[in-house]
Amino acid sequence: MFNLNDIIRPNVLRMKPYSSARDEFKGTASVFLDANENNLGSLAGENYNRYPDPHQKELKQRIAEIKGVEPDQIFLGNGSDEAIDLLFRMVCRPGQDSMLHLPPTYGMYEVSANLNEVRLDAIQLTADYQIPVEEVLLAIKPETKIIFICSPNNPTGNLIEPESIEDILRAFKGLVVVDEAYIDFASDQSWTNRLQEFPNLVILQTFSKAWGMAGLRLGLAFASAEIISVMDKIKPPYNINEATQELALQALEREEALKDMVEEIVQERELLINALPALATVEHVYPSDANFILVKVKDPNGLYNFLLGKGIVVRNRASLPGCEGCLRISVGTLEENQELLKAIAEF
Ligand SMILES: Cc1ncc(COP(=O)(O)O)c(C=O)c1O
């Protein structure tokens, strides 16, 4: 049985969270002299002289309605990278505990583990970028606190088979983090539908991809209210700034526009997937459920530099074990994708 208190770091269990000025005040008031703000105003714009809501109540309420979860099942972070870091700090004792990830995958799990002095176990994905479940289960140690699964996976673009994730959720007594940064572009449903079933499930999503808000830094974690309350307890109090909260609320009213944009990106992705194999240098185009495509080419470094010379930047993943010979290409606008195809044909 999963028991959150068995895996939380003792210092986190013991500590009291920071109590902000507005947490201590209850009732109505018109004169705020409690938070050392600038009451004359802001040089940046309306309201920005005031600290933002540390609990992001309005924003969480709206996200809850859209995502079909409860507000207390949502954590908001300064990008999902902040949630990754907080999860380590919540359950992994530096120098003692470990995490397991499945390369080739998103690089921040490793960076964040190293920063927090968390040991790293890596089980390579199979040739078709799926999880070798038996191998993963055998690699779990008493010190293993978190398993990171990225689906759709970055940089390979594929969804991970739900049966594999379910097997791991059932067998592992630590946190299973399913990173769904690219889920809006995918053909499968989000794991948020199954939160009630798995008390050790944490789902990451972000406003940086489909919502087009990478510059605002807003990431989400969905989990049991119990897990979310601990993440909230240890987060920096004002981690989501006022401008981000306001702009996100506005964006959430534009779900139709989100659908249109996702549809267009997916359409462009399929056009690229169909066009790329005809080009002489292209050896393999991997299927994608994301807004990027992994492409194996004959001379990745040569092509990468050739494209750079034309002012086109893609991601060179050729030196990453499991991605030999590969470039990762984000789906652009119709014009950008045509320019890319033309340039690759010229190489
Ligand atoms: C799989 C994955 N997770 C998380 C992130 C980080 O997202 P954010 O911008 O919310 O920090 C990225 C960014 O590229 C990503 O690819």
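These are my notebook entries on a few places I looked up in this predicted model.

**Entry 1: the annotated domain**
I began with the UniProt record, an unreviewed entry, which places the feature "domain: Aminotransferase class I/classII large" at residues 38-344. Over residues 38-344 I found the chain to be 36% helix and 17% strand. I also looked up the end C-alpha atoms of that stretch, and they are 55 Å apart.

Next I went to Lys 209, where the unreviewed UniProt entry places the feature "modified residue: N6-(pyridoxal phosphate)lysine". Lys 209 lies in the loop between E6 and E7.

I noted it because most residues other than glycine have a negative phi. Arg 217 is found in the loop between strand E6 (201-206) and strand E7 (219-222). Its relative accessibility is 31%, so Arg 217 also goes down as partly exposed.

**Entry 2: another positive phi**
Asn 47 is a residue other than glycine, and its phi is positive, near 65 degrees. I located Asn 47 in the loop between helix H3 (21-24) and helix H4 (57-67). Asn 47 counts as partly exposed because its relative accessibility is 46%.

**Entry 3: cis peptide bonds**
I stopped at these bonds because most peptide bonds are trans. The bond from Pro 103 to Pro 104 is cis, and I noted an omega near 0 degrees. Pro 104 sits in the loop that runs between strand E2 (98-101) and helix H6 (108-115).

From Ser 151 to Pro 152 the peptide bond is cis too, with omega near -5 degrees. I traced Pro 152 to the loop between E4 and H8.

**Entry 4: a charged patch**
Staying with that loop, I looked up Glu 161, which is placed between strand E4 (144-150) and helix H8 (162-171). Which residues gather with Glu 161 in a patch of negative charge on the surface? My list reads Asp 128, Glu 134, Glu 163 and Asp 167. I checked the cover on Glu 161 as well: this residue counts as partly exposed because its relative accessibility is 39%.

Key: Residues numbered from 1 in each chain as written. Predicted model: local features only at pLDDT ≥ 70, side-chain atom pairs only at ≥ 80, totals over all residues. Heavy atoms only, no water. UniProt positions renumbered as here; feature names shortened; annotations may be inferred. Helix = DSSP H or I, 4+ residues; strand = E, 2+ residues; numbered from the N terminus. Patch = residues over 30% accessible without salt bridge, like charges linked within 9 Å, V, L, I, M, F, W, Y side chains within 5 Å. Areas by Shrake-Rupley, 256 points an atom, 1.4 Å probe, with all protein chains shown as cover. Salt bridge = Lys/Arg side-chain N within 4 Å of Asp/Glu carboxyl O. Lys, Arg positive; Asp, Glu negative; His and termini not counted. Charge placed at Lys NZ, Arg CZ, Asp CG, Glu CD. Buried < 20%, exposed > 50% of the residue type's maximum accessible area, 1.4 Å probe, protein only.
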